[in-house]
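Let's take a friendly walk through a protein model, stopping at a few places along the way. Keep the structure open beside you as you read.

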Amino acid sequence: MTSCYLVSVLLLVAAPSLVLGAKNYGQALGLSIKFYEAQRSGPIHDNIVPWRGNSGMHDCTVGGWYDAGDHVKFGLPMAASAHILLWSLYRFKDGYVKGNQLNQMYHMIKTPLNYFEAAWDPAHHRLTAQVGDGNVDHAYWGRPEDMKMARPCKYVDSRHVGSDIAGETAAALALGYLTFKQKDHAYANQLLSKAKGLYTFAKTHSGVFTGAAGFYQSGNWKDEMCLGAVWLHRATGTHSYLNDAKNYVDLNKPWAEGWDDKMLACQLLMYEETKEAKYKNAVVSFFNDWLPGAHKVKYTPCGLAWRDLWGANRYAADAAFIALVAAEDGINAANYRKFAVEQINYILGDNHHAGGCYSYAIGYGSKYPLRPHHRGSSCPSHGHCNKDAHGPNPHVLLGAVVGGPNADDSYTDVRSDYTHNEVATDYNCGFQGALAGILHLQQHHTMPTTHNKCPCHH
């Protein structure tokens, strides 16, 4: 066990003790923000994550986030993650204030916003869709600072459609405007200008991006364009955007909320914009399948809404975030808040793994994954990096939420098991958004009474 790990544990265990199963949501929020800081590409001028340095300095578009445990910058999940995070800041700003994380959040979220602003070239109608080759990158196990392989770029342009990526990026930029317009008006206006130009281009050249070569292939583009249209309507008041959104939205029931399918988010936002019952009913229909007792979405014995083996925690957390927003909109508030808080409580330790109180968010509590499938944290700052080395990763990847357990609550902390132990920007976004939402509930004294099946007793 490394001294770095021991110091981190001592610091975290020294946090104020909590009463009977309660969670320190503010601490978890701060840790999640730190995870995103660890995913930065490009220049790093601070010591927020001491073991990270400059990398990807010669990329076609410098900056942004590395996707997961690898070093590719994929446009769709980066934009999807940034969108949810910005939505949480827009809707639950007081949660970030209560958690003493507002300034940290503003700093963190500028990394993808600055990248998106640089990625869209309005003069040439070109958007950077991907940096790096997924197959070549995945053959390399080492620090991002030490990369030597070629990092080719893929673009959305007039010859290569990709309104899924472009629409989601436009949504994030428009939300960036809404969240920064009072803090930094000039910066916000730059973001809005880019959002409007990119959205117009994406509307003219519609279709799904097919250049991802097996990575993050979207099944639709209208959900992302709906998000771009709704947020641009809210940012500008221009009614044509809302008319566009009405053409993009559908009322079908999504399988889940995630990096690929955001139609649930679109339905909820359309209800906010129009107050039309059909959109509310679509949201209710989705959660009727997800709430405990519906027997539509599987639940683990300890109560995680288990949608899929790959990234189980991610789907539960994304649903929790949307549920908290829907509750604020007056939709089944009591049931949705209870569902959401119980899902986050499970991830933070209300489970029986390793004797109970096991957090799937690294660094929270005293028991959490020590061997996430993540190249940078698994490599010492100097010297050889061995993916198969025994023992904990040399660096603690604070805040990262791992993929999660099997349907029977079982989980093994093994670095090579990327199905259960990978981390990713899109694994944390709904989780962090839900944390901000829960802190908002605490601030307004509207926390639900929860009944997690396997409560953690400290």
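Before we start, one term: two residues are in contact when they have heavy atoms within 4.5 Å. Keep in mind, too, that this is a predicted model.

Which residues of α8 meet α10? On the α8 side they are K196, Y199 and K203, and their partners in α10 are Y241, D244 and Y248. Sorted by class, this contact has 3 nonpolar residues, 3 charged residues and no polar ones.

Two packed helices are described by the angle between their axes and the distance between the axes. Here, helix α8 covers residues 185-204 and helix α10 covers residues 239-248. Their axes come within 13 Å and cross at roughly 40 degrees. Angles under 35 degrees count as roughly parallel and those from 65 to 115 as roughly perpendicular, so α8 is oblique to α10. The crossing of α8 past α10 is left-handed.

Is A202 buried or exposed? With a relative accessible area of 1%, A202 is buried, because buried means under 20%.

Setting aside neighbours within four places in sequence, A202 is in contact with S163, A166, G167 and M225. The C-alpha atoms of A202 and L76 are separated by 14 Å, and these two residues are 126 residues apart along the chain.

Next comes R52, in the loop between α2 (25-38) and β1 (73-74). Its relative accessibility is 7%, so R52 counts as buried.

What does the side chain of R52 reach at 2.7 Å? It is the backbone oxygen of R40. A polar contact of 2.7 Å also joins the side chains of R52 and E145. Leaving out neighbours within four places in sequence, the residues in contact with R52 include I44, Y66, P144 and Q39.

## Q39 in the loop

Q39 is likewise found in the loop between α2 and β1. Q39 is buried, since its relative accessible area is 2%.

The side chain of Q39 has a polar atom 2.8 Å from the backbone oxygen of A68. It also makes a polar contact with the side chain of H374, at 2.8 Å. Not counting residues up to four places away in sequence, Q39 touches several residues, among them R52, G64, W65, D67 and T425.

Note on methods:
Residues are numbered from 1 along each chain as its sequence is written. This is a predicted model: local features need pLDDT of at least 70, side-chain atom pairs count only at pLDDT 80 or more; totals for chains, interfaces and linings use all residues. Side-chain values use heavy atoms; hydrogens and water are left out. Axes are lines fitted to C-alpha atoms, for helices over the stretch in contact, and angles run from 0 to 180 degrees between N-to-C directions. Helices (H or I, at least four residues) and strands (E, at least two) are DSSP runs, numbered from the N terminus. Angles under 35 degrees count as roughly parallel, over 145 as roughly antiparallel, 65 to 115 as roughly perpendicular and the rest as oblique. A crossing is left-handed if the near helix is turned anticlockwise from the far one by less than a right angle, and right-handed if clockwise. Ala, Val, Leu, Ile, Met, Phe, Trp, Tyr, Cys and Pro count as nonpolar, Asp, Glu, Lys and Arg as charged, and the others, Gly among them, as polar. Buried means under 20% relative accessible area, exposed over 50%, partly exposed in between (1.4 Å probe, protein chains only). A polar contact is a pair of N or O atoms within 3.5 Å; within protein, one must be able to donate a hydrogen and the other to accept it, and residues adjacent in sequence count only if both atoms are side-chain atoms.
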